[in-house]
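Try each task before you read its solution.

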Amino acid sequence: MRINPLVVTDLINIMEFIAEDNPDMALVTIRDIYSQFENIQRFPGLGADLQKRVSFKTDYKYFVCNNYVILYKTGKEHVEIYRVVSSFQDITRIFE
């Protein structure tokens, strides 16, 4: 599995946002997301094709974990976790 460096920033932002109200829930959420990374690595077909949800051609897939969307791409030898974003934001903006 490969993880885009932007994912680290995404996870820090998620953790800090949740921790403002509930530090324990912040840790649980980050653990849940990491657990899904492992599931995606084992079962890359787990997510849905992003192209079916956006108006542009893409080979990314997505998987929803709680209130967050994990964007990833499958390769022949690995899975690349591209970003983790809030399900409440317009995820197409990260491709601009």
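**Exercise 1.** By about how much of a helix are Tyr34 and Phe37 separated in α2?

*Solution.* The model is predicted: local features need pLDDT of at least 70, side-chain atom pairs count only at pLDDT 80 or more, and totals for chains, interfaces and linings use all residues. Residues are numbered from 1 along each chain as its sequence is written, and side-chain values use heavy atoms, without hydrogens and water.
- Tyr34 and Phe37 both sit in helix α2 (residues 23-42), 3 residues apart, so about one helical turn separates them.
- Helices are DSSP runs of H or I with at least four residues, strands are runs of E with at least two, and both are numbered from the N terminus.

**Exercise 2.** Classify Tyr34 and Phe37: buried or exposed, or in between?

*Solution.* 
- Buried means under 20% relative accessible area, exposed over 50%, partly exposed in between (1.4 Å probe, protein chains only).
- Tyr34 has 42%, so Tyr34 is partly exposed.
- Phe37 has 1%, so Phe37 is buried.

**Exercise 3.** Which kind of aromatic pair do Phe56 and Phe95 form?

*Solution.* 
- Rings of Phe, Tyr and Trp (its six-membered ring) pair if their centres lie within 6.5 Å; planes under 30 degrees apart are stacked, over 60 edge-to-face, the rest tilted.
- The ring centres of Phe56 and Phe95 are 5.5 Å apart and the planes stand at 55°, so this pair is tilted.
- Phe56 lies in the loop between β2 (48-49) and β3 (61-65), and Phe95 in the segment after β5 (79-86), so the pair ties together parts 39 residues apart in sequence.
- Phe56 and Phe95 also belong to one aromatic cluster with Tyr60 and Tyr82.
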